[in-house]
Amino acid sequence: PYGMVLVTGPTGSGKTTTIGKIAKWFKVRGLKTALIACDMYRPAAQTQLKQIGEKVGVPVYYEGKNSLEVAKNALKKAKEDVLIFDSAGRDALDKQLAAELKELKSAIKPDEVWLVIPAEIGQAAKAQTEGFHKIVQITGIIITRMDGTAKGGGALTAAKITGAKVVFLGTGEKIDDIESYEPQRFISRLVGWGDIQGLIEKAKIAGIEQTQTIPEKFTLNEFYEQLMNIQKL
């Protein structure tokens, strides 16, 4: 494979859906991608990943009696460029699940270990991140639910603790609602300025590529034209 990625995170972080988004992100960039369903604890987790795989158009490997067996079987069969392993959502302080995650990482030997955390995690980010980093050494962070009211400040804590960079931002519920992390855009959101760069990009797409000065007097038609330009955004 071109690369193997183990994805982990606390329960309820939107991990499985995010994995599908990542698969789509790699696929549209010309890399054959596969998903490996190693979450054997949450009911219907494997079924959900299969449905996501069908939607994205990537294969899903799920054969095995436990997560370790699923991973090993996938490693024998998979020929894709990128393999993304979905581990069970967990609390980093759960000793049984922590031991399983550590064993899973040892078997896979992933190139990357990405931690999925929701934007609203807040102060809990420190304990969770420290726990996961101690178990599997986090190399990248994905922040979900950036479309809500939370700004994702907890991700800065996670990045500081692990020394890992933020890799992706989840910006909505649709499969295409993911973007690669860019510091300037993230900080703009964090301090309440909004995504200025994103707005500029939308303006270019809409054909509004330069700011026009408004004269002291202008016609109703000119005012109407400006309103129409704003609607394009």
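Which residues does G20 touch, not counting residues up to four places away in sequence?

**View 1. The whole protein chain, a predicted model.**
The model is predicted, so local features need pLDDT of at least 70 and side-chain atom pairs count only at pLDDT 80 or more, while totals for chains, interfaces and linings use all residues. Residues are numbered from 1 along each chain as its sequence is written, and side-chain values use heavy atoms, with hydrogens and water left out. The protein chain has nine helices and eight strands. Helices (H or I, at least four residues) and strands (E, at least two) are DSSP runs numbered from the N terminus. Of its 233 residues, 44% count as buried. Buried means under 20% relative accessible area, exposed means over 50%, and partly exposed lies in between (1.4 Å probe, protein chains only). Contact means heavy atoms within 4.5 Å. Among contacts between residues at least 6 apart in sequence, 74% join residues at least 24 apart.

**View 2. Helices α1 and α2 side by side.**
The axes of α1 and helix α2 (residues 45-56) come within 10 Å and cross at roughly 25°. Axes are lines fitted to C-alpha atoms, for helices over the stretch in contact, and angles run from 0 to 180 degrees between N-to-C directions. The angle makes α1 roughly parallel to α2. Angles under 35 degrees count as roughly parallel, over 145 as roughly antiparallel, 65 to 115 as roughly perpendicular and the rest as oblique. The crossing of α1 and α2 is right-handed. A crossing is right-handed if the near helix is turned clockwise from the far one by less than a right angle, and left-handed if anticlockwise. From α1, the residues T16, T17, I19, G20, A23, K24 and K27 meet Q48, L49, I52 and V56 of α2. By class, this contact has five nonpolar, four polar and two charged residues. Here Ala, Val, Leu, Ile, Met, Phe, Trp, Tyr, Cys and Pro count as nonpolar, Asp, Glu, Lys and Arg as charged, and the others, Gly among them, as polar.

**View 3. G20 in helix α1.**
Helix α1 spans residues 15-27 and holds G20. G20 counts as buried because its relative accessibility is 0%. Not counting residues up to four places away in sequence, G20 touches I52, V56 and I175. The C-alpha atoms of G20 and D176 are separated by 9.4 Å, although the two residues are 156 residues apart along the chain.

**View 4. S180 in strand β8.**
Strand β8 covers residues 178-180, and S180 is part of it. With a relative accessible area of 33%, S180 is partly exposed. Leaving aside neighbours within four places in sequence, S180 is in contact with W25, V167 and F168. From C-alpha to C-alpha, S180 and I22 are 9.9 Å apart in space, and 158 residues apart in sequence.

**View 5. S13 in the loop between β1 and α1.**
S13 is buried, with a relative accessible area of 1%. The side chain of S13 reaches the backbone oxygen of P10 at 3.0 Å. Not counting residues up to four places away in sequence, S13 touches V116, I117, P118, T144 and R145.

**View 6. Helices α4 and α5 at their crossing.**
Helix α4 (residues 95-108) and helix α5 (residues 124-136) have axes that come within 9 Å and cross at roughly 45°. The two helices are therefore oblique to each other. Their crossing is right-handed. In α4, A98, L101, K102 and K105 meet F132, I135 and V136 in α5. These residues divide into five nonpolar, no polar and two charged.

**View 7. E100 in helix α4.**
E100 is buried, at 15% relative accessibility. Its side chain makes a polar contact with the side chain of Y41 at 2.9 Å. A polar contact is a pair of N or O atoms within 3.5 Å; within protein, one must be able to donate a hydrogen and the other to accept it, and residues adjacent in sequence count only if both atoms are side-chain atoms. Leaving aside neighbours within four places in sequence, E100 is in contact with Y41, S67 and R90.
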